[in-house]
Amino acid sequence: MNSRVIAVATVLALFAITFAFFNKQRLFAPPPISGSKDQLHSATILHVSGAVGPESLVFDSHGEGPYTGVADGRILKWEGEERGWTEFAVTSSNRTDCVRPFAPELEHVCGRPLGLRFDKKSGDLYIADAYLGLKVVGPTGGLATQVATEAEGQLFNFTNDMDISEDEDVIYFTDSSTIFQRRQFMLVLLSGDKTGRLMKYNKLTKEVTVLLRGLAFPNGVSLSKDGSFVLVAETTTCRILRLWLHGPNAGQVDTFAVLPGFPDNVRRNSEGQFWVALHAKGTPFAKWVTSNSWAGNALLKFGLNFKLLHTSFAGSKPHAVAIKLSDKGVILEVLEDCEGKTLKFISEVEEKDGKLWIASVLMPFIGIYSL
């Protein structure tokens with residue numbers, strides 16, 4: 001008998017045995033979070049006209065914006081109700097075929113801007129483009145120019161997020177996988193891939209240094225208020241890691257927080273606390289799969305499409321979760337849209353002037369929630 005057939009049959013048997021011990025509805029249902037507030041459904045929706053997937057949000061030094069990168073490779077700027085969204089920048093000059101709001105097969109051509117950060121001193125906007133590496137564009141926008149594309153001879157394969165140390169002229173950023181690209185992000189989760197890296201780019205010397213390697217889907221990045229440490233979300237393991245940059249623990253890594261789901265971007269507020277967006281809560285099935293790489297790889301062998309893989313992982317009910325952490329990693333507040341009435345699959349939470357601006361890598365809108 002064909003070895004592949006035997007392998008699939010074995011996997012199916014193991015799945016059957018596993019599912020026999022669980023209530024199937026509970027297996028795929030997003031679990032409740034103790035102490036959370038189901039209030040995000042009251043958020044106001046701001047549609048991103050003609051675009052999908054505003055993954056990251058940032059305001060410039062004048063308080064204008066937000067600016068956001070969308071799935072067709074553009075960076076848009078919100079200019080108020082009268083003007084709406086305007087095109088601010090692009091990461092690729094090859095845009096002839098970049099006419100559809102969502103075309104994953106063209107992301108490597110059109111670019112896919114993810115994490116955005118302004119350099120407060122220069123006014124330049126730095127862009128983590130999933131396929132094209134670190135980019136930068138001036139205060140007036142236009143075509144972004146290249147900053148960095150590789151480290152130690154290894155090309156960036158899935159550039160994801162960043163934060164900028166203004167004092168040290170250094171950019172800390174993640175490359176989520178050296179094997180899979182952004183449009184294959186479900187494969188990063190399911191395969192047990194641990195090839196992700198946290199790096200830093202020195203703006204003065206133009207050098208890229210690898211700080212951490214062997215990470216399981218490193219994602220959001222945020223510096224502490226005093227610059228003593230940098231946080232990196234490790235999506236697959238549902239935790240936030242802390243790398244100490246200065247002080248007696250410099251160079252050491254520890255677990256800053258363990259979360260009830262899969263973190264995306266991390267953003268610090270003015271008080272030094274951190275907002276973490278969860279792409280989805282950790283259903284029993286998702287946690288079982290990420291704890292057993294053989295199970296995830298078995299799912300991949302079935303040839304399921306993205307929607308089915310995503311549903312099996314994110315749960316049967318779309319939802320939204322935003323978590324506020326103290327500067328010590330203590331969970332201070334959990335806000336949810338448990339039923340996904342308004343928000344779902346959020347990717348970033350930016351606190352500004354008493355409001356939370358909430359992004360989503362999959363939806364065609366952002367949410368605005370008043371604190």
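**Note on cavities, pockets and aromatic contacts**

1. The largest cavity has a volume of about 200 Å³. A cavity here is a set of points, on a 1 Å grid over the protein atoms alone, where a 1.4 Å probe fits but cannot get out, and lining residues have an atom within 4 Å of a point. Grid points are joined across faces, edges and corners, and the volume is the space filled by probe spheres set on the points. The model is predicted: local features need pLDDT of at least 70 and side-chain atom pairs count only at pLDDT 80 or more, while totals for chains, interfaces and linings use all residues. Residues are numbered from 1 along each chain as its sequence is written, and side-chain values use heavy atoms, with hydrogens and water left out.

2. Helices (H or I, at least four residues) and strands (E, at least two) are DSSP runs, numbered from the N terminus. The lining divides into 9 nonpolar, 4 polar and 3 charged residues. In this scheme Ala, Val, Leu, Ile, Met, Phe, Trp, Tyr, Cys and Pro are nonpolar, Asp, Glu, Lys and Arg are charged, and the others, Gly among them, are polar.

3. The count is 2 cavities of 30 Å³ or more. The second largest cavity has a volume of about 50 Å³, and its lining includes Asp72, Cys98, Arg100 and Glu107. That lining has 8 nonpolar, no polar and 4 charged residues.

4. The largest pocket holds about 1,000 Å³ of space. A pocket is an open set of points with protein on both sides within 12 Å along at least five of seven lines. Of its 39 lining residues, Arg117, Phe118, Lys120, Asp163 and Arg268 lie nearest the centre. Strands that each supply at least two lining residues include β7 (113-118), β14 (159-165) and β22 (261-268). The lining comprises 11 nonpolar, 11 polar and 17 charged residues.

5. Phe118 also belongs to an aromatic pair with Tyr67, which is edge-to-face, at 5.0 Å centre to centre and 70° between the planes. Rings of Phe, Tyr and Trp (its six-membered ring) pair if their centres lie within 6.5 Å; planes under 30 degrees apart count as stacked, over 60 as edge-to-face and the rest as tilted. The partners are 51 residues apart, with Tyr67 in strand β4 (residues 67-69) and Phe118 in strand β7. Tyr67 is buried at 2% relative accessibility, as is Phe118 at 11%. Buried means under 20% relative accessible area, exposed over 50%, and partly exposed in between (1.4 Å probe, protein chains only).

6. Phe156 and Phe173 form another edge-to-face pair, at 5.2 Å and 70°. Phe156 lies in the loop between β13 (154-155) and β14 and Phe173 in strand β15 (residues 170-175), so the pair ties together parts 17 residues apart in sequence. Phe156 is buried at 7% and Phe173 at 0%.

7. Two rings carry a charge over the face. Arg242 lies over Phe229, at 5.5 Å from the ring centre, and the charged end of Lys352 sits over the ring of Phe59, 4.9 Å from its centre. The rule requires NZ of Lys or CZ of Arg within 6 Å of the ring centre and within 35 degrees of the ring normal.
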